[in-house]
Amino acid sequence: SKPWLKIILLGLLGGFATMAANAASPLFTLYILYLGLSKNQFIGTWAWLFLIINLSKVPLHWDLGNITTESLHYNILMLPAIIIGFIAGYYLVKKIPQEKFELIIRVLAALGALKMVIG
């Protein structure tokens with residue numbers, strides 16, 4: 001099949017999965033791995049993709065009542081842990097060889113998909 005057909009299909013499935021259940025991460029992760037990007041390109045692409053996706057969902061989730069002052073307060077409380085995670089991830093990724101990085105990503109994507117299926 002044509003690569004553009006895969007892109008369209010994965011885009012449609014990913015868009016539905018992310019809005020319906022915040023479940024697009026394993027799908028998009030495997031697709032980005034399929035592109036053969038380096039670990040830095042993979043991380044950058046993944047980060048931009050989910051920034052755009054999640055920002056586009058804000059008005060919809062606001063309208064559905066999923067974003068509240070309580071949830072925003074919780075997000076603010078989580079900022080120190082998120083920043084520590086960013087810093088730790090930055091240094092850890094530098095130390096992981098490309099092949100091991102791809103294996104880790106595949107395993108984590110499979111575990112994430114499995115968790116979504118079995119709860």
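What percentage of the 119 residues in the chain is buried? In this predicted model, buried residues make up 19% of the chain.

The chain holds five helices and zero strands. Read from the N terminus, the order of elements is α-α-α-α-α. The C-alpha trace spans about 40 × 35 × 30 Å along its principal axes. Among contacts with a separation of 6 or more, 59% link residues 24 or more positions apart.

Helix α3 covers residues 39–64, and helix α5 covers residues 98–118. Their axes come within 10 Å. The crossing angle is roughly 35 degrees. On the α3 side, the contact involves Lys39, Phe42 and Ile43. These meet Gln98, Phe101 and Ile105 of α5. By class, the contact comprises four nonpolar residues, one polar residue and one charged residue.

Helix α5 also contains a charged pair, arginine 106 and glutamate 102. The two residues form a salt bridge, with the closest N and O atoms 3.9 Å apart. Arginine 106 and glutamate 102 lie four residues apart in helix α5, so about one helical turn separates them. Arginine 106 has 42% relative accessibility and therefore counts as partly exposed. Glutamate 102, at 22% relative accessibility, is also partly exposed.

How values were computed
Residues numbered from 1 in each chain as written. Predicted model: local features only at pLDDT ≥ 70, side-chain atom pairs only at ≥ 80, totals over all residues. Heavy atoms only, no water. Axes fitted to C-alpha atoms, helices over the stretch in contact; angles between N-to-C directions. Helix = DSSP H or I, 4+ residues; strand = E, 2+ residues; numbered from the N terminus. Contact = heavy atoms within 4.5 Å. Nonpolar A, V, L, I, M, F, W, Y, C, P; charged D, E, K, R; others polar. Salt bridge = Lys/Arg side-chain N within 4 Å of Asp/Glu carboxyl O. Buried < 20%, exposed > 50% of the residue type's maximum accessible area, 1.4 Å probe, protein only.
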